[in-house]
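A quick overview comes before the close-up.

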Amino acid sequence: MALRRFDLEAGGDSFAFKPETEPTIAFWLGKYPEDKKRSAVIPMLWLAQKDNEGWLSEPAMREVADRLEMPYIRVYEVATFYTMFRLQPVGKHHIQLCGTTPCMLRGANDLKEVCHKAIGKPMSVTDDGRLSWEEVECLGACANAPMVQINDYYYEDLTPESLTEILGKLQNGAEVKPGTFVDRLNSAPEGGATSLLEDDLYDGSRNAISELPNLPKDAPADPAPQAIAVPKAAAPTNTKREDGKTTLIKDSKPAPKAEDKPETVEVAAGEEDDLKRIKGIGPVNEKALNELGIYKFSQIAAWTPANVDWVEDFMSFPGRIEREDWIAQAKTLSTGDETEFSKRVDAGEVESSKEEGDD
Ligand code: FES
C-alpha cells in the first residue's frame, strides 16, 4: 500500500462538526457502551470527512480523537490506513475510478484517460474546484464494470463517451442520476430479464408435487419412487407478491407510542442523581436522559417494558437497556445501596464515567 500522508497546510488550525451532524454522532455513539466508544472511530471519521468538504484535515482527526477520548495517533492510524479517507483537499465531485481486473478488462484504462484529460493527474483538483479523481481498488460492482464512484454514488457500465458526458455535466453544475448507463435494470441483463420469468416460480404451484430428484433411473419398481405430497406452498410470511414481483417485508417492531414515554420530573440543580453510576450510562447518555427529564434512579427503576422500548427507540439503541440491566442497577442505587460498578465509579476508576474536566 502506498504511504499516505496528510496535508498539514490546507486544513487550517481548527475543525468543528456541523450542528446538524450532532444527532448522527449521538446515534453512532449510542451503538456502543460508553467505555467502548472508540469503536465508533470509522463512522466518526466519515462524518468529519463529510463536514470537511470531502477530506480529513489534521484538526478534524484531532476533534474525532477528542470526542472518542482516543490518543491522536490511534485515529491517524485508522485514517491513513483506509483509502476511503482522503487526506488532502478534493473537488466538489470526487471521482473514484475502479481499476481492478474486471473493470480494467472492460475498459477502465480508457476511463482513466478521460479523467486525465478532463481533470489532470490523480488527486489534482480542477481550477474551479469542481472535480478531482483517483484510482481505487474494486468497489464491489464488478457486474457493472467499468464503473466509478462519485461522492456517495455509483455510475456503472460506463464508456469513455458516457464518462466524458457525466464529467461535463458535473463541471457545469448539472446533476447526473447515478446507476447504470446502459439499458439494464441494476445488474440484470441488458434489454431485460431473460430467465426465471415464469409466474409459477413465484406463485407456489410448481411445488404442488415434488419427486425425489436424485433417484437412479433404473431404480427397482418395488418399492416405487415415492411421490412426496407437498402442501401447496403458502406465500412465505416475510414476502409479498404484487404485479408479478416478490418483495421482502422487513421485520419491524411497531414504533413505540407517544404515551409510552416515561414519566419525567424537574429537579433543582444539585438534586439530580449521578446516572453515570449505572453501567452503560456515560456523560453523553446522561445528558440525553436529563434533557428528557430523567434525573433520578427511582425514575429508571420504575420503567415498564413499554417505557424501555420508547427510550431505546428515542436513543437509537435497541436492546441495550435490557442487555446492560439498567433497571436492576437503578433499583439497587435508588435504595442507597451500591453496585460493583458504582463503587468503581465512586472511586474514580471508570474513565468513561468522568465528566469532561474531571481528573
Ligand atoms: S473490479 Fe471494478 S468494481 Fe470490482
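**Overview.** I counted the elements and found 13 helices and 9 strands in the protein chain. A reminder to myself: this is a predicted model. Of the 359 residues in the protein chain, 37% are buried. I then looked at contacts with a separation of 6 or more, and 61% of them join residues 24 or more positions apart. The accessible surface of the protein chain is about 21,900 Å², and carbon and sulfur atoms hold 51% of that.

**The helix pair.** Next I picked helix α2 (residues 41-51) and helix α3 (residues 58-68), whose axes lie 10 Å apart at an angle of about 140°. I had to check the cut-off here: roughly antiparallel needs an angle over 145 degrees, so α2 counts as oblique to α3. I noted the crossing of the two helices as right-handed.

**Who touches whom?** From α2 I listed V41, M44, L45 and A48, and they meet A60, M61, V64, R67 and L68 of α3. Sorted by type, the residues of this contact give me 8 nonpolar, no polar and 1 charged. The spacing made me recall a rule: residues three or four places apart point the same way, because an α-helix has 3.6 residues a turn.

**Staying with α3.** Which residues of α3 are buried? I wrote down E58, P59, A60, M61, V64, A65 and L68. What do they pack against? Their partners are α1 (22-29), α2 and α4 (72-81). Last entry: just after α3, I found E69 with a positive phi of about 55°.

Terms used
Residues numbered from 1 in each chain as written. Predicted model: local features only at pLDDT ≥ 70, side-chain atom pairs only at ≥ 80, totals over all residues. Heavy atoms only, no water. Helix = DSSP H or I, 4+ residues; strand = E, 2+ residues; numbered from the N terminus. Buried < 20%, exposed > 50% of the residue type's maximum accessible area, 1.4 Å probe, protein only. Contact = heavy atoms within 4.5 Å. Areas by Shrake-Rupley, 256 points an atom, 1.4 Å probe, with all protein chains shown as cover. Axes fitted to C-alpha atoms, helices over the stretch in contact; angles between N-to-C directions. Parallel < 35°, antiparallel > 145°, perpendicular 65-115°, else oblique. Left-handed = near helix turned anticlockwise from the far one by under 90°. Nonpolar A, V, L, I, M, F, W, Y, C, P; charged D, E, K, R; others polar.
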